[in-house]
Amino acid sequence: MQVTETKAEGLKHGFKVVVPAETIAAKVTDKIKSIGENATIPGFRKGKAPESFLRQRYEKAVMGEVLDELIQSETSKTLSERSLRPAMRPKIEITAFDEGKDLEFTLDVEVVPEITPVDFATISLEKLIADIPEEEIEKALERLAAARSDSEPVKEDRAAKNGDITVIDFVGSIDGVEFPGGKGENYSLELGSGSFIPGFEDQLVGKKAGEKVDVKVPFPADYHAKDLAGKDAVFAVTVKELRAKKAAEINDEFAKFFGKNSLDELREMIRAELMREYESVSMSNLKRVLLDALAEAHDFPVPESMLDLEFDAIWKQVQAAKDKNQLDEDDAGKSDDELRDEYRAIAERRVRLGLLLAEIGMKNKITVTDADLNRAIMMEARQFPGQEKAVFDFYAKHPEMLDRLRAPLFEEKVIDFILKAVKLNEKKVTPEELYKADAEDAKKPAKKAKKTAKAADKTEEKKPAKKAKAKEETADAEEKKPAKKPAAKKKADK
């Protein structure tokens, strides 16, 4: 085999590879002989078919296999001998081949750069720690009590106000004609909850039990029922009863509903949950700060092919957000050229950090074990109570989906490894300061990337894609809410 380097420009390398015709012929002959020794061919005893017959029948297919195997093996050998690690799949093109002649092909590859991680001991980070104020525990108890609230009839003669529950009958019509699903009886509607279409609940404020009112409201232009969207409707409403919300009494009996023997035990459960929540926010903040420090400390070149792939994925999400008028506030009004420059910088930072973390993991033999994957699957299964088996079955049937779990698990393990080596100082802050710092730090990587042309890390929370997705999911959820339909027939019929 003859290998000639044709290009060496930064991370890009090119080679011309020549495989002698004799090597190809020898491999073809070996494969044809192997077929003759093992194949059962009609008209011949096993292993007795003549080579000329075997060549006539199998040579074309065998030649294809041999060429594929030689190209793959020679490509691996060429890269291995030169200690080149491909960033992406090499581009291979056959430039010359004919029966009985040498095989010539070109090999173009972009490689992973040489990466020397900084000494982690030189990195100094601050971990924000918040204590749990007693008033936060009391507020949490009050929220639990409110969630367990009941209602009782309003005894005094007064009008309805926001927060009250009105028990109503209603019949909806458009241009004097009732429409399907626009009727309900004994429907309990909390005023101010936003359960019905805008304007409906407002017109019941100030009404008393026994009153009748025509509620005039337009259906939103984007209402899920297309035949009602944008149309003016009138709902004939009868206020049958006025009820006031009554919070549950916070005592030992209340605690038993949550599986605790006493109110003190419930308070300790709340304290533990808040501690886990604060620690989660603290670690989220710390990891972003670490990634920011790593990005500042490393400036190696990134493979252009990886950068293009990452940028293309981001840009599609930016364009989708732009099409739906859901661009980030800072991006609205910017030209496509400006946005391209900024988000290409974000893509570059993301690729650089990804390569750095992969290098650190490889050099320190950090791996994701089967036990790690099993724990991740169990945690995911817990998010779907009653459907845990379905989650396990899904991963059993689709093992390729495990890579979705493997990548973030690997990143987490590498980050945890680094955090053990850096200089870490704890700083006491209030819960408000902790959450504020977390929100502000979440914005920093993108802003820095846009200013310095170094791009994004995977914990970036201001990505347009995520914002767009969040808005889409919110919109979907709003459309699916049964209570959003003033014609909430299912509830009314009960």
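This is a predicted model: local features need pLDDT of at least 70, side-chain atom pairs count only at pLDDT 80 or more; totals for chains, interfaces and linings use all residues.
**Exercise 1: Getting an overview**

Among contacts in the protein between residues at least 6 apart in sequence, what percentage join residues at least 24 apart?

- Step 1: of the contacts between residues at least 6 apart in sequence, 71% join residues at least 24 apart.
- Step 2: the protein holds 13 helices and 11 strands.
- Step 3: the protein has 494 residues, and 36% of them count as buried.

**Exercise 2: Exploring the nonpolar cores**

Which residues of the largest nonpolar core touch the most other members, and which helix gives the most to this core?

*Solution.* 
- Step 1: the largest nonpolar core has 37 residues, and Leu-290, Leu-294, Ile-418, Leu-419 and Val-422 touch the most other members.
- Step 2: at least two residues of this core come from each of helix 5 (263–297), helix 6 (304–323), helix 7 and helix 10 (402–419). Helix 7 gives the most, with 10 residues.
- Step 3: zoom in on Leu-290. Beyond its neighbours within four places in sequence, Leu-290 is in contact with Leu-125, Ile-415, Ile-418, Leu-419 and Val-422.
- Step 4: there is also a second, separate core of 26 residues, which includes Phe-170, Leu-191, Val-217 and Tyr-223.
- Step 5: turn to helix 10, where Leu-402, Leu-405, Glu-411, Val-414, Ile-415, Ile-418 and Leu-419 are buried. These buried residues pack against strand 5 (124–130), helix 5, helix 7, helix 8 and helix 9.

**Exercise 3: Describing helix pairs**

At what angle do helix 1 and helix 2 pack, and at what angle do helix 8 and helix 9 cross?

*Solution.* 
- Step 1: helix 1 (residues 21–38) and helix 2 (residues 51–81) pack at about 125 degrees, with their axes 8 Å apart. Helix 1 is therefore oblique to helix 2, and their crossing is right-handed.
- Step 2: find the contacts. Residues of helix 1, including Ile-24, Val-28 and Ile-32, meet residues of helix 2, including Leu-54, Tyr-58 and Val-62.
- Step 3: the axes of helix 8 (residues 370–382) and helix 9 (residues 388–397) cross at roughly 140 degrees and come within 8 Å. This makes helix 8 oblique to helix 9. The crossing of helix 8 and helix 9 is right-handed.
- Step 4: Ile-377, Met-378, Glu-380 and Ala-381 of helix 8 make the contact with Glu-388, Val-391, Phe-392 and Tyr-395 of helix 9.

**Exercise 4: Placing one residue**

Is Ala-61 buried or exposed?

*Solution.* 
- Step 1: locate Ala-61, which sits in helix 2.
- Step 2: its relative accessible area is 51%. Exposed means over 50%, so Ala-61 is exposed.
- Step 3: Val-28 is 33 residues from Ala-61 along the chain, and their C-alpha atoms are separated by 9.9 Å.

Technical notes: Residues are numbered from 1 along each chain as its sequence is written. Side-chain values use heavy atoms; hydrogens and water are left out. A nonpolar core is a set of buried Ala, Val, Leu, Ile, Met, Phe, Trp, Tyr and Cys residues joined through side-chain atoms within 4.5 Å. Buried means under 20% relative accessible area, exposed over 50%, partly exposed in between (1.4 Å probe, protein chains only). Helices (H or I, at least four residues) and strands (E, at least two) are DSSP runs, numbered from the N terminus. Contact means heavy atoms within 4.5 Å. Axes are lines fitted to C-alpha atoms, for helices over the stretch in contact, and angles run from 0 to 180 degrees between N-to-C directions. Angles under 35 degrees count as roughly parallel, over 145 as roughly antiparallel, 65 to 115 as roughly perpendicular and the rest as oblique. A crossing is left-handed if the near helix is turned anticlockwise from the far one by less than a right angle, and right-handed if clockwise.
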